[in-house]
Amino acid sequence: MNNENFILSEKLVSSSYVRQGLQARRGHEQLIRVLLQQGKCPEEGWSESTIELFLNELAVMDSNNFLGNCGVGEREGRVASSLVARRHYRLIHGIGRSGDIAAVQPKAAGSSLLNKITNSVVLDVLKFTGVRSVSSCFVVPMATGMSLTLCFLTLRHRRPGARYILWPRIDQKSCFKSMVTAGFEPVVIENVLEGDELRTNMEEVERKIEELGAKNILCVHSTTSCFAPRVPDRLEELAVLCAKHDIPHIINNAYGMQSSKCMHLIQQGGRVGRIDAFVQSLDKNFMVPVGGAIIAGFDESFIKEISKMYPGRASASPSLDVLITLLTLGASGYKKLLSERKELYSHLAQELKALAERHGERLLHTPHNPISLAMSLNRLQTHSNAAVTQLGSMLFTRQVSGARVVPLGVEQTVSGHTFNGFMSHVDSYPCPYLNAASAIGITKEDITLCIKRLDKCLKSLRKEASAEKSESVSPAEDLKD
């Protein structure tokens, strides 16, 4: 209610009570005012009532919610189900216009304001998580793979003669398909083994630039967040190389926002060399439903160019989800989650190392990977390759999700390209292994249960292997023993 309505309310209810209600209302409005003034993530999280008040205020600014609105067009924000309308807080028009996902819609001032505020708040989060020099970003209603495709398609207009993308190998299908879908030819740069870690082969990147010619290369497509034993690419060196040869540089930072190390690598790469855009997932970094990503960069004009490449309007759901989440957590709440994740990474490493040693295995030494860990499965491999894959099945049926078991010698064809040793990021890694990750939102209880169930699975497989070995002993050999 506005001040006039509060005054009228005093005729019906005691003025002292009404004034108290007015003060409470102003408390909510002050938080909203600061958000609109500063465009930053509030330090402390908001209550649900403040968030709902804000969203309702935005919704009544959209034409589909105008009293007496008469719509005669093909897109009028009509919704058949009231349940669907409530699910979206009656913000039905989406974001952007046909020519630009960042443009303001005349019919939807509230949804347009939601879009602008979300992008501003997310930019603030990118800065305080480590990329202080980032100049622009926007939330796009597509997951990471398609968002990368959008970046490549935008670069096509800048480099019409280019057909290759240099890609330090990471065995994740959507990364590879993002380049093929955009119509380019990925040039796979095999990683080099340093100790247990798989790292960027800088010599091979330089060789390919010389071989193919810089003008024929659309960009270098590097990666930060990845499954151990692969570690983040050498971003600073790649950025310097890209600047030297005037080659664009796009980074897949899928779940790297939760890692200060990954964000620092991007900040440093942007400082010493060339980074055109970096893409991160909303669900992996903010614990919201799948379906959105953030495209960000140091050159505001290029980021705007990408947003204009998006055809048509877009769903506001990912923007709405991430804004609600960040207003709920506040900057302090989000930073606390990041800090807890880092602490639990150390705890997971300790527990996994102890478990590995009990079973004659070892925790692979991958200090450059700040999120994912890997444990060798050499003893299982001595029994059979099937035992390694069986471990993965056993964990899944015991409700341990996210753990990846990587056997040796898997061959996989993705969009016409055959990868040897698929999932291990290299043709032939020295040992099979199991992955586990400390990602945002993980709890100590998750780790305890995972270790307990993994321990039981390994014991069970070892017993099965021993029983099979006993059965295979011949009667003569048995008498000898």
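Predicted model: local features only at pLDDT ≥ 70, side-chain atom pairs only at ≥ 80, totals over all residues.

I started in helix 8 (residues 202–212), where Glu 211 and Arg 207 sit four residues apart, so about one helical turn separates them. I checked their side chains and found a salt bridge, with the closest N and O atoms 3.2 Å apart. Glu 211 is partly exposed at 46% relative accessible area, and Arg 207 is partly exposed too, at 43%.

Next I looked at how salt bridges connect. Ones that share partners join Arg 169, Asp 171, Glu 190 and Asp 427 into one network. Within it I picked Glu 190 and Arg 169, whose closest N and O atoms are 3.2 Å apart. That pair links distant parts of the chain, 21 residues apart: Glu 190 is in the loop between strand 3 and strand 4, while Arg 169 is in the loop between strand 2 and helix 7. Buried or exposed, what is Arg 169? I got buried, with a relative accessible area of 0%, whereas Glu 190 is partly exposed at 28%.

I also noted Arg 75 and Glu 74, which meet in a salt bridge at 3.8 Å, N to O. Here Glu 74 is exposed at 71% and Arg 75 is partly exposed at 38%. How many salt bridges does the structure hold? I have 20 written down.

Last stop: helix 2. Its 24 residues (15–38) reach 34 Å from first C-alpha to last, close to the 34 Å expected. I listed Val 18, Leu 22, Arg 25, Ile 32 and Leu 35 as buried there. The buried residues of helix 2 pack against helices 1, 3, 5 and 13. Just after helix 2, I spotted Gly 39 with a positive phi of about 65°.

Definitions and conventions. Residues numbered from 1 in each chain as written. Heavy atoms only, no water. Helix = DSSP H or I, 4+ residues; strand = E, 2+ residues; numbered from the N terminus. Expected span 1.5 Å × (residues − 1). Buried < 20%, exposed > 50% of the residue type's maximum accessible area, 1.4 Å probe, protein only. Contact = heavy atoms within 4.5 Å. Salt bridge = Lys/Arg side-chain N within 4 Å of Asp/Glu carboxyl O.
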